[in-house]
Amino acid sequence: MSFIEISDLKRVYKMSKEVSVEALRGVSFEVQKGEFISVVGSSGSGKSTLLNILGGLDFEYTGEISIDGKNIKEYNPNFYRRNIVGTIFQQFYLIPSLSVEENILLPLKFVKNRNIDVNERLESLLEMVDLKNRRKHFPKELSGGQAQRVAIARALIDNPKVVLADEPTGNLDSKTGESIIRLLKELNKTESVIVILVTHDKNISAKTDRVITLVDGKNV
Ligand SMILES: Nc1ncnc2c1ncn2[C@@H]1O[C@H](COP(=O)(O)OP(=O)(O)O)[C@@H](O)[C@H]1O
Ligand SMILES: [Mg+2]
């Protein structure tokens, strides 16, 4: 059994009684433990729709997704979004009024009875994303690359099994973007997380283990 199994995934956005958009029209693929894969396709091909569903942000789909042998609809949604997947976005979505370390720790605010040593995890993540000397900084005091590294650390704080990245280099210059991809690749190995990277950049997808191509809401 594969760690992630997606079968015949469909998503229709109903705009009104008459108008609807078929964003996903039957996507099926599997991902193995340890893989770093990319999802490519032109704008509007359904990449973000797919990632939002995998991220547990959208349940209005048909078809089936199982992760670690369990249908994702059967997980507690909060548990799923913390401990199964961690998501990063093009826009970083850091909280402006919180420092780097507060942003990283934010997902834990809502968790009782933590069983990981939070301080230890924070230190090792700051080290991994090379932000030890920026821990008290606020988002507006960071470069784009640093901001995305904070978002990566935040996504990893609760040891998820899968990192979902929706165009994480879209707001970065190409050199900084490459360093983010290198970091994700390193984390894929050291943290043994699956990484699913959405991009429309062929140079970036070429650096991943395997490429899933979406065309009009289907993988080809
Ligand atoms: N919330 C939404 N409501 C209606 N239509 C949407 C919504 N989100 C995306 N779409 C439509 O679904 C299709 C796929 O969009 P999206 O998944 O964002 O593609 P991509 O990320 O590949 O650019 C597009 O035609 C888009 O206009
Ligand atoms: Mg998109």
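Mentor: Ground rules: residues count from 1 along each chain as its sequence is written, and chains are lettered from A and ligands numbered from 1 in the order in which they are written. Because this is a predicted model, local features need pLDDT of at least 70 and side-chain atom pairs 80 or more, while totals for chains, interfaces and linings use all residues.

Trainee: How many of the residues count as buried, and on what test?

Mentor: Of the 220 residues, 38%. Buried takes 20 or more other C-beta atoms within 10 Å of the residue's own, with C-beta atoms placed from the backbone.

Trainee: Why are β2 and β5 called edges of the sheet?

Mentor: The order is β2-β1-β4-β5, with antiparallel pairing. Strands are DSSP runs of E, at least two residues, numbered from the N terminus. Two strands pair if DSSP finds at least two bridges between them. β2 and β5 each have a single partner strand, so one side of each lacks a neighbour in the sheet.

Trainee: How do you know that β4 and β5 pair?

Mentor: Two bridges join β4 to β5. The definition asks for at least two. Ser66 stands opposite Asn71 in β5.

Terms used. Helix = DSSP H or I, 4+ residues; strand = E, 2+ residues; numbered from the N terminus. Buried ≥ 20, exposed ≤ 12 C-beta atoms within 10 Å, placed from the backbone.
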